[in-house]
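Student: I have a model open and some questions about it. Can we go through them one at a time?
Tutor: Go ahead.

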Amino acid sequence: MTFLGMPLLRSTRHDDQEIPGGQGNIVEDESFAKVSHQHLSNQQLRNNIGHATATIRDKRSEVVAELDDWEALREAGSRAKNQVMENLPEYLAQFEKNFTAAGGVIHWARDADEANAIVTELVEANAPVLESGRREVIKVKSMATQEIGLNEHLETQDIDAFETDLAELIVQLGDDKPSHILVPAIHRNRDEIRDIFMEKMPDAGELTNEPAVLAEAARRHLRHKFLTTKVAISGANFGIADTGTLGVVESEGNGRMCLTLPETLITVMGIEKLLPGFDDLEVFLQLLPRSSTGERMNPYTSFWTGTTPGDGPQNVHLVLLDNGRTRALADEHGRSALNCIRCSACMNVCPVYERTGGHAYGSTYPGPIGAILSPLMTGVEAEENGSLPYASSLCGACYDVCPVKINIPEILVHLRGEDVEANHSPVSSQLDTALTGASWMMSDGKRMAAAESGLPIAHAVAGDKQINSLPGIAGAWTSSRDIPALPEKSFRQLWAENEARAEGEDDER
Amino acid sequence: MTDTAREEILGRINQALGRRGGGEYVSSASGTVPAASSSATGHAGSHEGTEENTDPGPPAAGGGTVNQSAEYLRTGTHTGEDLIELLIDRLEDYKANVHRVSGDPAKTIAGLLDAGSNIVVPRGLDDSWLQSFTGEISVDAPGQELSILELDSQAAVVTASAVAIAQTGTIVLDGSPECGRRAITLVPDHHVCIVRVADIVDIVPEGIARLTPDAALTFISGPSATSDIELKRVEGVHGPRTLDVVIVDT
């Protein structure tokens, strides 16, 4: 039995010489509590996200309920990923051998800067300079390239990266940031999307807010780019060790376009994305689509093994990315966070995410999984990432829906413990003192009654209004919560009066 | 640069896993870790850890797959007409048009294509399937590939398929001569795909068991779609916007 809220797990890290943390878009600039406050007051954002997450929650529940063996599939998924993590060097070597034998080229990147430099070099070697003096690449939605800030880096190297996923396109055209790993524009409704398209797609003409019309506009906007661009950049959902195969799971066909039509394909994939065998797809191709978009199967899934003669890009590269993954792996209690297959089910059920949206997490990886993954990859002591493990009510809904059974609440609690050890602050010392006091008071009925006898006085002072701020350390509590107006009497006092009245009534009988 | 990075990353992983020196695996998963830490993995996780202690070599020698002993379903229960009905139901649910043909499918296929239009087919497609079609047929073959712009001017593509998974309404193309290379089923806006009854399986594991990734594989479940606007599924984005599936008994 786990007692949530009590950090019981002692640190067991395997890095005597510290393994460096990751860089890029996984570091929060300000604490979660501070940023989330701004987003909470945006009613439009809350409506959009509330509507979207409710829709996807229902769809997921329906298709998961169709499978009698769902729990066995989750167990199998969890086991396969644990197996990968425990034997990662062997699986990486096996994957490298098979992918290379099939004509692919593998590059290793220790961090975001190194990965960005490798991709830039490959683009410069394979994409022509256009009349504008710049190079162009098309991109499939990829969390790894978002994490390393690839588009921003390419921009500085005179390379324009065109996002081709509809939601990424909405984000890119709106000069915005993704707020959800599956639907990066989940914070935008159809009216906002229409306005962005009307402003940023000069050839689009008059558009309505119908999703079908907006999808059609995206098709026309990107068609020429798909048919003519020489270099594409993708991520990968899976790397299969025993065959050297990569896979991308998608809906729109933009993935197929990028993976098939260009001459050069550059894929960026985290080292943890491996599966042991091709047969393991029989589990993951059931877990991922049902957890992710709530579909029995997503419209398109592509697999490629190095190069295929006469079919698709003949110049195929893979950048294997660390960027803090080994740091996360070193934490025995946190390493299962690396099992994540980026389905986003945990976001859709999270009461905190539903209210703050994804931007408040300040990382490419928002929501419950982001609240553990980001600090595990950077270390809790990095910047404000130590605040992320507190962005949770520990309700456990995320664990229930996770297709690979990552025990997110338990890792959150573990990381809170790490944070207290690493960044032991005056606030937590005050809290310790206050809790010790409360424990003394609450352990004895007389002390409790004595404390409550002050309530009528407090009510007289505060009146019937709710309390919006308290002084001192209690101010941290009220900075994001309101306390209801104080009652005139405590429950004990009401009970005593009620008992007395009942006795009186009995006497009258 | 890259070689150094490779060695360094593998070194970090070994360190993170608590291995010392030449790959020796010092696991604490076999007893010293509090029980709570393996609750996400269950007993199977710690069992594997124990096995690794006795056999630190490359994992799962042979196949590499670790799911063979799991309890999830490996075969479905639908057979015969039920199986075909399930596939049709699931394909239609995802907005594919389904046509069931007993006997010669040539007339049905021709009926799905505009008379006199131009279509592309892979070199291995059964000729008899197109004998009722009156338009122009381009055969895409090694050394005689249509360019991307030529593919863009085709009204439709007609191919066979390797496997169809009924439970999920999924059709798999495997790059064989009758499925063709990937671009021909991607660029034209209309895909007519022939599924043989013998190639229909019930559930995903049965489908995967029939495939190998030697060539590129494409799994198709309905026409191109997106759920990116308010999470509503809308058919018709970049891939073919019309998917006609012809199920043939032969």
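Student: Is Met347(A) buried or exposed, and why?
Tutor: In this predicted model, Met347(A) is buried because 30 other C-beta atoms lie within 10 Å. The term buried means 20 or more other C-beta atoms within 10 Å of the residue's own, exposed means 12 or fewer, and partly exposed is in between, with C-beta atoms placed from the backbone.

Student: Which helix is Met347(A) in?
Tutor: Met347(A) belongs to α14 of chain A, residues 345-349. Helices are DSSP runs of H or I with at least four residues, strands are runs of E with at least two, and both are numbered from the N terminus.

Student: What does Met347(A) touch?
Tutor: Leaving out residues up to four places away in sequence, it touches His180(A), Tyr353(A), Pro366(A), Gly367(A) and Pro368(A). Contact here means C-beta atoms, placed from the backbone, within 7 Å.

Student: How are the numbering and the confidence limits set?
Tutor: Residues count from 1 along each chain as its sequence is written, and chains are lettered from A and ligands numbered from 1 in the order in which they are written. As the model is predicted, local features need pLDDT of at least 70 and side-chain atom pairs count only at pLDDT 80 or more, while totals for chains, interfaces and linings use all residues.

Student: Other helix, then. Why is α8 of chain A called largely enclosed?
Tutor: Seven of its eight residues (166-173) are buried, so the rest of the structure largely encloses α8(A). The buried ones are Leu166(A), Ala167(A), Glu168(A), Leu169(A), Ile170(A), Val171(A) and Gln172(A).

Student: What covers the buried residues of α8(A)?
Tutor: The cover includes β3 (159-163), α9 (190-200) and α10 (211-228) of chain A, along with β10 (225-226) of chain B. Just after α8(A), Asp175(A) has a positive phi of about 50°.

Student: Now the contact between the chains. How many residues does each chain give?
Tutor: Chain A gives 97 residues and chain B gives 80. On the chain B side, α1(B) contributes the most, with 11 residues. That side divides into 37 nonpolar, 29 polar and 14 charged residues. Nonpolar covers Ala, Val, Leu, Ile, Met, Phe, Trp, Tyr, Cys and Pro; charged covers Asp, Glu, Lys and Arg; the others, Gly among them, are polar.

Student: Which strands pair across the two chains, and in what sense?
Tutor: β9 of chain A (300-305) and β9(B) run antiparallel, joined by four bridges. Within that pairing, Thr301(A) has Phe219(B) as its bridge partner. Two strands count as paired when DSSP finds at least two bridges between them.

Student: What is the strand order in the open sheet of chain B?
Tutor: The six strands follow the order β1-β12-β7-β4-β2-β3, with parallel pairing. β1 (97-101) and β3 (136-140) of chain B are at the edges with a single partner strand each, so each has one side without a neighbour in the sheet. On average, neighbouring strands are turned by 20° against each other, direction ignored.

Student: What about β4 and β7 of chain B?
Tutor: β4(B) (156-159) and β7(B) (190-196) pair in the parallel sense over three bridges. Val158(B) is opposite Val192(B) there.

Student: And which strands does α3 of chain B lie across?
Tutor: α3(B) (80-93) lies across β1 and β12 (242-248) of chain B, at about 155° to β1(B). Axes are lines fitted to C-alpha atoms, for helices over the stretch in contact, and angles between N-to-C directions run from 0 to 180 degrees.

Technical notes: Contact = placed C-beta atoms within 7 Å.
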